[in-house]
Amino acid sequence: MSEEVMEYLSFLIDEEEYGLNILDVKEVRGWSEVRKLPNSESYLLGVLELRGEYIPIVDLRQRFNMAPSVLSKTTVVVIVRNAKGQSLGIIVDAVAEVYQLSESQIKSAPGFVKIDERYIEGIASIEGKHVVLIRLEKLFDFDELHEVTQPDLVSEE
């Protein structure tokens with residue numbers, strides 16, 4: 001019986017490589033100005049209208065308690081989607097690679113990683129470097145972000 005292989009899109013933040021399950025990635029795009037929102041979390045930079053949908057744009061550096069991203073024409077926004085179909089844009093320093101990883105290549109996160117272990121799916125050792133695999137739904141509350149950015153569009157449960 002063969003092991004399941006999944007693809008991960010990797011990106012750089014502060015010269016560290018992180019990865020997301022590629023099935024969660026909707027698109028990768030360049031920076032464009034966002035509409036700022038008052039009284040929101042510091043890492044929530046605003047919303048971007050994309051094909052009729054308002055997408056919260058967050059600075060992953062700030063969410064990791066690092067210095068804010070320097071926004072420019074070379075800034076990369078990775079648009080991701082959760083299991084409920086809610087989208088979110090994350091700002092990263094650069095997109096790196098797409099890796100195919102088997103479950104046996106993904107190890108538990110040791111304590112030396114710069115971010116809280118709750119947000120980490122695991123760490124993969126690839127060609128002598130380590131890629132931290134992120135659990136987006138633990139790192140961000142998609143419902144809360146969408147409530148802040150689109151209060152009229154969020155249905156009450």
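This is a predicted model: local features need pLDDT of at least 70, side-chain atom pairs count only at pLDDT 80 or more; totals for chains, interfaces and linings use all residues.
**The five-strand sheet**

Five strands make up an open sheet in the order β3-β6-β7-β5-β4, and the pairing within this sheet is mixed. The strands at its edges are β3 and β4 (44-50), each of which pairs on one side only, and from one strand to the next the twist averages 30°.

| Strand pair | Direction | Bridges | A residue pair across the strands |
|---|---|---|---|
| β3 and β6 | antiparallel | five bridges | V28 and V78 |
| β6 and β7 | antiparallel | six bridges | V77 and I91 |
| β5 and β7 | parallel | three bridges | I57 and G89 |
| β4 and β5 | antiparallel | six bridges | L50 and E53 |

Two of these pairs are also hairpins. In the hairpin of β6 and β7, five residues lie between the strands, and G85 in the turn has a positive phi of about 90°. In the hairpin of β4 and β5, two residues lie between the strands, and R51 in the turn has a positive phi of about 50°.

How many residues of β5 are buried? Six of the seven residues of β5 are buried, so this strand is largely enclosed by the rest of the structure. Strand β6 is mostly covered as well, with five of its six residues buried. Residue I91 in β7 stands opposite V77, and D59 also stands opposite I91.

**The six-strand sheet**

Another open sheet is formed by six strands in the order β8-β1-β2-β11-β10-β9, again with mixed pairing. Strands β8 (94-102) and β9 (106-107) stand at the edges and have a single partner strand each, so one side of each is left without a neighbour in the sheet. Within this sheet, β1 and β2 run antiparallel and are joined by six bridges, and L12 stands opposite E17 in β2.

In soluble globular proteins, nonpolar side chains tend to be buried together. In this model, the largest nonpolar core has 29 residues, and those with the most contacts inside it are F11, L20, L60, V78, I90, I134 and F140. Several elements give two or more residues to this core, among them the strands β1 (5-13), β2 (16-21), β6 (76-81) and β7 (87-92), as well as the helices α2 (136-139) and α3 (142-149). V78, one of the core residues named above, is also the bridge partner of V28.

Residue L20 shows how parts of the chain that are apart in sequence come together: leaving out residues up to four places away in sequence, L20 touches E7, Y8, L9, F11, V25, V78, V80, I90, I134 and L136. A second, separate core has ten residues, including L50, I55, V77 and I91.

**A residue in a loop**

Where is L71 placed? L71 lies in the loop between α1 (60-63) and β6. Apart from its neighbours within four places in sequence, L71 is in contact with W31, L45 and I91. L71 and W31 are 40 residues apart in sequence, while their C-alpha atoms are 7.6 Å apart in space.

Methods
Residues are numbered from 1 along each chain as its sequence is written. Side-chain values use heavy atoms; hydrogens and water are left out. A nonpolar core is a set of buried Ala, Val, Leu, Ile, Met, Phe, Trp, Tyr and Cys residues joined through side-chain atoms within 4.5 Å. Buried means under 20% relative accessible area, exposed over 50%, partly exposed in between (1.4 Å probe, protein chains only). Helices (H or I, at least four residues) and strands (E, at least two) are DSSP runs, numbered from the N terminus. Contact means heavy atoms within 4.5 Å. Two strands pair if DSSP finds at least two bridges between them. Axes are lines fitted to C-alpha atoms, for helices over the stretch in contact, and angles run from 0 to 180 degrees between N-to-C directions.
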